Amino acid sequence: MAFAQGQFTIVDYNDAITLSGYLSSSVSKTQRYLTDSASYLPNWKDVKPTITPTLYKAGSSDDILSSSINRIKSITWYANNVEIEEGNDNYSFVSKNGGYGGATLNYQLKITDNIVTSNDTGLEVRCDIVYND
């Protein structure tokens, strides 16, 4: 299974702020399912990859999620375009306090199980971040 990474840029033409962000992983973004032994390499139940978002404002090298967390209203995570909710057996969240209005944010996503199978070989992870300027 390939675990790819992408980058995005958001431009709001009303006030000309440009935000750029990406997702990083604590381990390799590729997991293989070995059909002969019916095992995974690496085994995500053991290594539990952690996905961390990073968000930058154009012209700054400061990660908004580290330096200005109080401007973040929400962080919502998706796997294959389905929202991941609290209590999901395949994922868990690492929370961070101090969001906009005192919100607690699901800052990082941990993958706690081997999601892919021999029939379903892809996993797309996405997070939507609402930023208050």
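Predicted model: local features only at pLDDT ≥ 70, side-chain atom pairs only at ≥ 80, totals over all residues.
Me: OK. Which residue does Lys45 meet in a salt bridge?

Reply: Asp113, at 3.8 Å from N to O. A salt bridge here is a side-chain nitrogen of Lys or Arg within 4 Å of a carboxyl oxygen of Asp or Glu.

Me: And what does that pair tie together?

Reply: Parts that are 68 residues apart in sequence, since Lys45 is in helix α1 (residues 44-47) and Asp113 is in the loop between β9 (105-111) and β10. Helices (H or I, at least four residues) and strands (E, at least two) are DSSP runs, numbered from the N terminus.

Me: How many salt bridges are there by that rule?

Reply: The count comes to 2. Asp128 and Arg126 form one of them, with the closest N and O atoms 3.1 Å apart. Asp128 is partly exposed at 31% relative accessibility, and Arg126 is partly exposed too, at 29%.

Me: Switching to the sheet. What's the strand order?

Reply: β7-β6-β10, in an open sheet of 3 strands with antiparallel pairing. β7 (82-83) and β10 (125-131) are at the edges with a single partner strand each, so one side of each has no neighbour in the sheet.

Me: How many bridges do β6 and β7 pair over?

Reply: 2, with β6 covering residues 72-79. Two strands pair if DSSP finds at least two bridges between them. Ala79 has Val82 in β7 as its bridge partner.

Me: Now the backbone. Where's the cis peptide bond?

Reply: Between Leu41 and Pro42, with omega about -10°. Pro42 is in the loop between β4 (39-41) and α1.

Me: What about phi at Ala38 and Lys48?

Reply: Ala38 has a positive phi, near 50°, and lies in the loop between β3 (32-34) and β4. Lys48 has a positive phi near 40°; its place is the loop between α1 and β5 (50-57).

Me: Why flag those?

Reply: Because most residues other than glycine have a negative phi, and most peptide bonds are trans.

How values were computed:
Residues numbered from 1 in each chain as written. Heavy atoms only, no water. Buried < 20%, exposed > 50% of the residue type's maximum accessible area, 1.4 Å probe, protein only.
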